[in-house]
Amino acid sequence: RSSDLVAGQRLLERQRYQFPSDWLWADNVEGEWDAFEQIMSRKAGAMEAEIPVLQAKILAEDRVVEQKIKDLTAEWNTAKPLQGDIRPSTAIDTLTIFETKMSRLKEDWGRVCKAK
């Protein structure tokens, strides 16, 4: 692409085109493009180095969420309001607490799934 830019500029020079004072010369454009590519390659290298760290964090978070799900399931199995002597308000409070915990876990699980 830069060769097209240089070729076009040379053609204009051969035709004795009067370049405006603010003309961006092909050499300047090529130099800026090279600098841009160097910056991008450094940033890409830095991102490549961060990928294993991010993957490890995601896997660790996945394990934490899985354990929380297991813990909540076990807690539900022991504390679910099935006894006939529980007052309705107490049962509703218990259900509300579990619903809140389950909603948080669902959000955490969704976030981990998106990160994977």
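I began with helix α2 (residues 26–79) and helix α3 (residues 88–115), whose axes come within 10 Å and cross at roughly 160°. For my own record, axes are lines fitted to C-alpha atoms, for helices over the stretch in contact, and angles run from 0 to 180 degrees between N-to-C directions. Helices here are DSSP runs (H or I, at least four residues), numbered from the N terminus.

A note on the model before going on: it is predicted, so I kept in mind that local features need pLDDT of at least 70 and side-chain atom pairs count only at pLDDT 80 or more, while totals for chains, interfaces and linings use all residues. Residues are numbered from 1 along each chain as its sequence is written, and side-chain values use heavy atoms, with hydrogens and water left out.

**Entry 1: α2 against α3**

The crossing angle means that α2 and α3 are roughly antiparallel to each other; the cut-offs are under 35 degrees for roughly parallel, over 145 for roughly antiparallel, 65 to 115 for roughly perpendicular, and oblique for the rest. I looked up the handedness too, and α2 passes α3 in a left-handed crossing. That term applies if the near helix is turned anticlockwise from the far one by less than a right angle, and right-handed applies if clockwise.

Next I listed who touches whom, with contact meaning heavy atoms within 4.5 Å. On the α2 side I found Ile58, Glu61, Asp62, Val65, Lys68, Ile69, Leu72, Glu75, Trp76 and Ala79. On the α3 side I found Thr94, Leu95, Phe98, Lys101, Met102, Leu105, Asp108, Trp109, Arg111, Val112 and Ala115. By class, this contact of α2 with α3 has 13 nonpolar, one polar and seven charged residues. The classes are Ala, Val, Leu, Ile, Met, Phe, Trp, Tyr, Cys and Pro as nonpolar, Asp, Glu, Lys and Arg as charged, and the others, Gly among them, as polar.

**Entry 2: two aspartates**

Are aspartate 62 and aspartate 108 buried or exposed? Aspartate 62, in helix α2, counts as buried because its relative accessibility is 11%. Aspartate 108, in helix α3, has 15% and so counts as buried too. The scale is buried under 20% relative accessible area, exposed over 50%, and partly exposed in between (1.4 Å probe, protein chains only).

I then checked their partners, leaving aside neighbours within four places in sequence. Aspartate 62 is in contact with Val112 and Lys116, and aspartate 108 with Val65 and Lys68.

**Entry 3: α1 against α2**

I moved on to α1 and α2, which pack at an angle of about 165° with their axes 9 Å apart. That makes α1 roughly antiparallel to α2. Here α1 passes α2 in a right-handed crossing. Ser2, Leu5, Val6 and Gln9 of α1 meet Ala26, Val29 and Glu30 of α2. I sorted these residues into four nonpolar, two polar and one charged.

**Entry 4: aromatic rings**

How many aromatic pairs does a search of the whole structure find? The search gives six. Rings of Phe, Tyr and Trp (its six-membered ring) pair if their centres lie within 6.5 Å; planes under 30 degrees apart count as stacked, over 60 as edge-to-face and the rest as tilted.

I looked at tryptophan 33 and phenylalanine 36, a tilted pair with 5.4 Å centre to centre and 40° between the planes. Both lie in helix α2, three residues apart, about one turn of the helix. Tryptophan 33 is partly exposed at 49% relative accessible area, and phenylalanine 36 is partly exposed at 41%. I also noted that ring pairs link Tyr17, Phe19, Trp23 and Trp25 into a cluster.

**Entry 5: loop residues**

Most residues other than glycine have a negative phi. I found arginine 16 in the loop between α1 (2–14) and α2, and with 70% relative accessibility it counts as exposed. Its C-alpha atom is separated by 67 Å from that of aspartate 62, 46 residues apart along the chain.

Last, I checked isoleucine 86 in the loop between α2 and α3. Isoleucine 86 is partly exposed, with a relative accessible area of 29%. Not counting residues up to four places away in sequence, isoleucine 86 touches Pro81 and Ala91.

Terms used. Helices (H or I, at least four residues) and strands (E, at least two) are DSSP runs, numbered from the N terminus.
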